[in-house]
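Student: I would like to work through this model feature by feature. Please give the reading rule each time, then the case.

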Amino acid sequence: MRYGGTTALAGVDLTVGPGERVALVGASGAGKSTLLELANGSVTPTAGSVRVLDADPSARSGRAGRRLRARIGTVHQHLELVGSLRVVHNVNAGRLGTWPAARAAWSLLRPQGVPDVVAALERVGLADRAFERTERLSGGQRQRVAIARLLVQQPDLVLADEPASALDPALADRALALLGDLARDRGGTLVAALHDPGLVLRHCDRVVGLADGRVVLDRPAAGLSPADLADLYEAPA
Ligand SMILES: Nc1ncnc2c1ncn2[C@@H]1O[C@H](COP(=O)(O)OP(=O)(O)OP(=O)(O)O)[C@@H](O)[C@H]1O
């Protein structure tokens with residue numbers, strides 16, 4: 001994957017099976033976000049190919065594209081919430097693709113499926129904020145709204161880019177547990193870029209290490225220690 005003169009990923013050959021919980025580990029700029037963006041189809045590889053849930057994730061148009069997008073849930077690094085909308089609308093955005101257009105449009109006036117939204121918000125500790133304007137929430141609260149959006153979406157594949165970066169340790173563990181359960185309960189898969197070795201080792205069963213756009217480690221989490229991961233978080237000199 002190249003951006004102009006920059007090679008973001010090179011020679012990556014990676015297969016992730018159903019039910020796996022995979023941590024992507026690497027220094028800033030190693031290529032973690034790019035790998036997640038290739039998997040959800042928001043960027044198209046400049047060479048090679050990507051298959052996700054038996055489809056090409058960059059083929060996003062038409063009914064098949066919509067169906068595939070509904071099966072892939074992403075917690076983006078920058079969250080991609082609409083600040084001017086109430087929390088309930090941002091959470092419902094997780095399932096708009098599965099609603100008829102009229103219901104989706106109507107929901108902006110009269111939020112649909114509110115009990116599910118409140119139940120999802122309850123699981124991230126924000127049940128009382130459903131009708132608040134999203135821009136009034138803190139960074140960590142917004143990160144939890146992005147996770148609640150996935151809880152209502154119920155995707156088969158969760159792609160999470162530093163989903164706990166703004167959370168305190170207890171909330172970070174809770175968030176990763178929710179994402180892991182979401183994947184496991186449905187026989188689904190979690191791939192998460194994570195900066196905290198503790199979260200990696202507590203919540204993932206496989207660690208893929210990236211350095212300078214290449215896979216430099218691919219091992220079961222069992223048997224790895226925080227010290228084993230520490231080198232991967234350091235940018236090359
Ligand atoms: N849209 C873009 N345009 C140009 N270069 C990009 C773009 N996105 C990523 N890159 C480059 O690709 C490389 C990998 O970036 P990427 O964001 O995937 O790294 P990362 O491991 O997720 O880093 P971080 O932990 O800081 O988020 C970097 O050199 C980055 O500058």
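**Reading the model**

Tutor: The shell around the ligand draws its largest share, 3 residues, from helix 1 (residues 32–40). Helices (H or I, at least four residues) and strands (E, at least two) are DSSP runs, numbered from the N terminus. This is a predicted model, in which local features need pLDDT of at least 70 and side-chain atom pairs count only at pLDDT 80 or more, while totals for chains, interfaces and linings use all residues. Residues are numbered from 1 along each chain as its sequence is written.

Student: Which residues are around the ligand?

Tutor: A residue is near a molecule if its C-beta atom, placed from the backbone, lies within 6 Å of it. Around the ligand these are Tyr3, Thr6, Ala8, Gly26, Ser28, Gly29, Ala30, Gly31, Lys32, Ser33, Thr34 and Gln77.

Student: How do the residues of the shell divide into nonpolar, polar and charged?

Tutor: Ala, Val, Leu, Ile, Met, Phe, Trp, Tyr, Cys and Pro count as nonpolar, Asp, Glu, Lys and Arg as charged, and the others, Gly among them, as polar. The shell around the ligand has 3 nonpolar, 8 polar and 1 charged.

Student: At what angle do the axes of helix 5 and helix 6 cross?

Tutor: Axes are lines fitted to C-alpha atoms, for helices over the stretch in contact, and angles run from 0 to 180 degrees between N-to-C directions. The axes of helix 5 (residues 114–123) and helix 6 (residues 139–153) cross at roughly 130° and come within 9 Å. Angles under 35 degrees count as roughly parallel, over 145 as roughly antiparallel, 65 to 115 as roughly perpendicular and the rest as oblique. Helix 5 and helix 6 are therefore oblique to each other.

Student: Is the crossing of helix 5 and helix 6 left-handed or right-handed?

Tutor: A crossing is left-handed if the near helix is turned anticlockwise from the far one by less than a right angle, and right-handed if clockwise. Helix 5 passes helix 6 in a right-handed crossing. Helix 5 makes the contact with Asp116, Val117, Ala120, Leu121 and Arg123, and helix 6 with Ala148, Leu151 and Val152. Contact requires that the C-beta atoms of two residues, placed from the backbone, lie within 7 Å. The residues of this contact divide into 6 nonpolar, no polar and 2 charged.

Student: Is valine 145 buried or exposed?

Tutor: A residue is buried if 20 or more other C-beta atoms lie within 10 Å of its own, exposed if 12 or fewer, and partly exposed in between; C-beta atoms are placed from the backbone. Valine 145, in helix 6, is buried because 24 other C-beta atoms lie within 10 Å. Leaving aside neighbours within four places in sequence, valine 145 is in contact with Leu81, Val87, Asn90, Val91, Leu126, Thr134 and Leu137.

Student: What does leucine 182 touch, not counting residues up to four places away in sequence?

Tutor: On that count, leucine 182 touches Leu150, Leu151, Val158 and Gly188. Leucine 182 lies in helix 7 and has 21 C-beta neighbours inside 10 Å, so it counts as buried.

Student: Where is alanine 164 found?

Tutor: Alanine 164 is in the loop between strand 5 (157–161) and helix 7. With 26 other C-beta atoms within 10 Å, alanine 164 is buried. Again leaving out residues up to four places away in sequence, alanine 164 touches Ala172, Ala175, Leu176 and Leu199.

Student: Why does arginine 174 count as partly exposed?

Tutor: Arginine 174 has 18 C-beta neighbours inside 10 Å, so it counts as partly exposed. This residue is found in helix 7 (residues 169–185). Arginine 174 and valine 124 are 50 residues apart in sequence, and their C-alpha atoms are 7.8 Å apart in space.

Student: How should I read the phi of glutamate 80?

Tutor: Most residues other than glycine have a negative phi. Glutamate 80 has a positive phi, near 55°. Its place is in the loop between strand 4 (72–75) and helix 3 (87–92), and with 12 C-beta neighbours inside 10 Å glutamate 80 counts as exposed.
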